[in-house]
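Have a look at the structure first, then read on.

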Amino acid sequence: MLCTRLTNAHIITMDPDHPVAHDLGIWRGRIVGLDGAVTSLPAREVIDLQGATVLPGFIDSHVHLAWTGLKASTPSVAPCERVEDVLAVVEEAAALKHSAGAWVDIGGYDQRALGRHLTAAELDRVGHGRKVFLMHDSGHACVVNSAVLELLPADVPHQDGFLAESAMTAARRLRLPYSQAELADAIEYAGRLCLAEGVTACAEAGIGGGLLGHSPVELGAYQLLRDQGRLPLRVQLMAAGDTLRPLAAHQEDGIPRALDLGMRTGFGDDWLSVGALKIYTDGGMMARTAALTEPYEGMTHTGQLQDDPELLADLIVDGHLAGWQLAVHAIGDRAADLALDALERAQRLRPRPGARHRIEHAGLIRPDQLPRFARLDVSAVVQPNFLRCFGDDYAAIMGEERAPWMYRGRAFLDHGVTLVGSSDRPVTDGSPLRAVQFMVERASLSGQAIGPDEVITVDEALRAYTVAGAYASHWDDSAGTLTPGERADLVLLGDDPRRVGTPRIGDIEIVATFVDGREATEGKKL
């Protein structure tokens with residue numbers, strides 16, 4: 001007997017062998033059959049969906065759950081467009097801290113709205129002796145006051161309190177670690193935001209170290225949620241590259257660096273697992289630190305790499321030799337060159353054709369780099385909502401020639417590169433449907449066309465958030481399509497994205513999200 005049969009539905013399976021169905025049978029959290037294979041089977045519950053559209057649950061392949069939850073509970077300066085308004089928010093937050101040495105964490109900082117960066121001296125005037133830390137919305141920079149600067153080593157570079165990339169990491173580490181209980185609450189909150197947008201599984205892009213790690217024992221916060229039955233959706237965790245350390249492995253293993261016990265990609269289960277090794281090579285466009293081969297438009301600098309290029313390349317190679325899938329953060333084309341060169345060297349030293357290495361963001365990819373992605377079988381994990389929300393600014397700083405190369409769609413697919421959708425939540429909008437809309441129309445919020453030649457079809461965009469997302473996380477045997485044997489993770493939509501006008505795709509209602517055959521928002525079994 002089935003646990004549940006969905007009937008009278010418009011089921012888009014994403015399986016070319018059975019693309020559309022009207023009945024779907026579920027038993028113990030798995031799909032057991034479609035249409036005639038289940039229509040006559042008895043079921044404990046039969047749900048008439050009255051023609052509602054059903055899709056596989058969306059997979060967000062690059063998120064920051066802990067950061068999202070912590071940011072939601074942090075005072076924000078995001079609406080502010082004047083320096084004095086930002087300082088007023090900081091002063092109010094500082095006044096609430098009773099200890100003179102307390103930290104004042106502020107989110108939502110973005111110098112573009114202000115026309116310049118704030119300074120340590122300005123923060124000193126409103127900080128009331130507290131340690132003030134303004135986190136840049138990109139996650140690649142911050143502004144701090146003198147109370148923080150005084151604690152940093154003298155060789156940490158800053159510009160009047162503005163710290164970028166590794167310098168920001170040095171400042172963040174003064175504040176860390178958060179407790180596992182605090183992180184667990186933040187992760188649960190963020191996970192429920194994902195569910196509300198139809199996301200049933202995600203990849204947490206870097207824990208335990210790197211730019212955005214929150215604790216050396218951060219994985220424990222996810223285990224705590226799992227043990228308490230509070231983990232809202234399936235999560236794959238990327239370990240930060242700097243968590244690897246030299247180990248005395250057997251010579252025949254050929255492993256120069258690893259996590260303790262040799263843990264690597266694949267450890268865990270359907271709910272919580274270890275995924276790729278996250279390695280940062282450069283910064284971001286928002287902070288003007290993405291590493292480019294040519295200067296930013298109207299500027300003299302070309303961004304920056306996170307470290308000496310040889311050290312970064314060696315880390316990528318060592319991660320590959322240790323058996324990891326690699327998720328290499330590379331936004332600028334110079335960073336992408338470094339990543340591709342290192343991945344090619346790694347595969348030459350120890351061929352692993354099934355590694356499924358990924359380049360995270362792939363924000364600016366030159367035409368000559370596209371064949372290298374394909375030849376190395378490297379997936380491109382892009383964030384379409386970056387251009388939807390920030391496209392006007394990004395196009396301006398890239399210039400007329402390079403703007404069409406940003407966060408590509410059609411060019412990747414035409415070269416046979418796996419195109420994977422993601423959000424980088426909380427940097428910007430996390431909605432997969434709004435991202436799908438952008439991929440189909442390539443228009444920013446202002447209506448400006450951003451790389452119109454990179455337009456893809458609705459089916460191709462949906463595939464980036466289902467089939468390709470499952471492939472990128474080695475879940476393709478259990479997720480990404482609605483086929484027998486796969487997990488009963490699905491989303492009910494108020495309309496079919498393939499049938500409505502393109503401008504309406506992003507506004508389609510998420511009626512319900514199901515994980516493991518249960519309605520995730522209410523815990524009600526299907």
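Does Gly209 count as buried or exposed? At 12% relative accessibility, Gly209 counts as buried; here buried means under 20% relative accessible area, exposed means over 50%, and partly exposed is in between, using a 1.4 Å probe and protein chains only.

Before going further, some ground rules. This is a predicted model, where local features need pLDDT of at least 70 and side-chain atom pairs count only at pLDDT 80 or more, while totals for chains, interfaces and linings use all residues. Residues are numbered from 1 along each chain as its sequence is written, and side-chain values use heavy atoms, with hydrogens and water left out.

**Around Gly209**

Gly209 sits in the loop between strand E13 (199-207) and helix H8 (219-227). Helices (H or I, at least four residues) and strands (E, at least two) are DSSP runs, numbered from the N terminus. Leaving aside residues up to four places away in sequence, Gly209 touches Ala240, Asp242 and Thr243, a contact being heavy atoms within 4.5 Å. Thr169 is 40 residues from Gly209 along the chain, and their C-alpha atoms are separated by 9.2 Å.

**The whole protein**

Zooming out, the protein has 16 helices and 25 strands. Its radius of gyration is 23 Å, close to the 24 Å that the globule rule gives for 526 residues, so the protein is as compact as a globular protein of that length. That radius is taken over C-alpha atoms, and the rule is 2.2 Å times the number of residues to the power 0.38. Along the principal axes, the C-alpha atoms fill a box of roughly 75 × 55 × 50 Å.

Buried residues make up 61% of the 526. If you take contacts between residues at least 6 apart in sequence, 73% of them join residues at least 24 apart. The protein exposes about 20,100 Å², with carbon and sulfur atoms supplying 50% of that; the areas come from the Shrake-Rupley method with a 1.4 Å probe, and for residues only the protein chains shown count as cover.

**Strand E1 and its partners**

Strand E1 (residues 2-7) is mostly covered, with six of its six residues buried. E1 runs parallel to strand E6 (residues 43-48), and five bridges join the two. In that pairing, Thr7 has Asp48 of E6 as its bridge partner. E1 also pairs with strand E4 (residues 24-27), this time in the antiparallel sense over three bridges, and there Arg5 stands opposite Gly25. Strands count as paired if DSSP finds at least two bridges between them.

Most residues other than glycine have a negative phi, and most peptide bonds are trans. Here are some spots that go the other way.

| Site | Backbone feature | Value |
|---|---|---|
| Leu176 to Pro177 | cis peptide bond | omega near 0° |
| Arg425 to Pro426 | cis peptide bond | omega near 15° |
| Asp35 | positive phi, not a glycine | about 50° |
| Arg442 | positive phi, not a glycine | near 50° |

Where do these residues lie? Pro177 is in the loop between helix H6 (166-175) and helix H7 (180-196), and Pro426 is in the loop between strand E21 (419-421) and helix H14 (432-441). Asp35 lies in the loop between strand E5 (30-34) and E6, and is buried at a relative accessible area of 12%. Arg442 is in the loop between H14 and helix H15 (458-464); Arg442 is buried too, with a relative accessible area of 3%.
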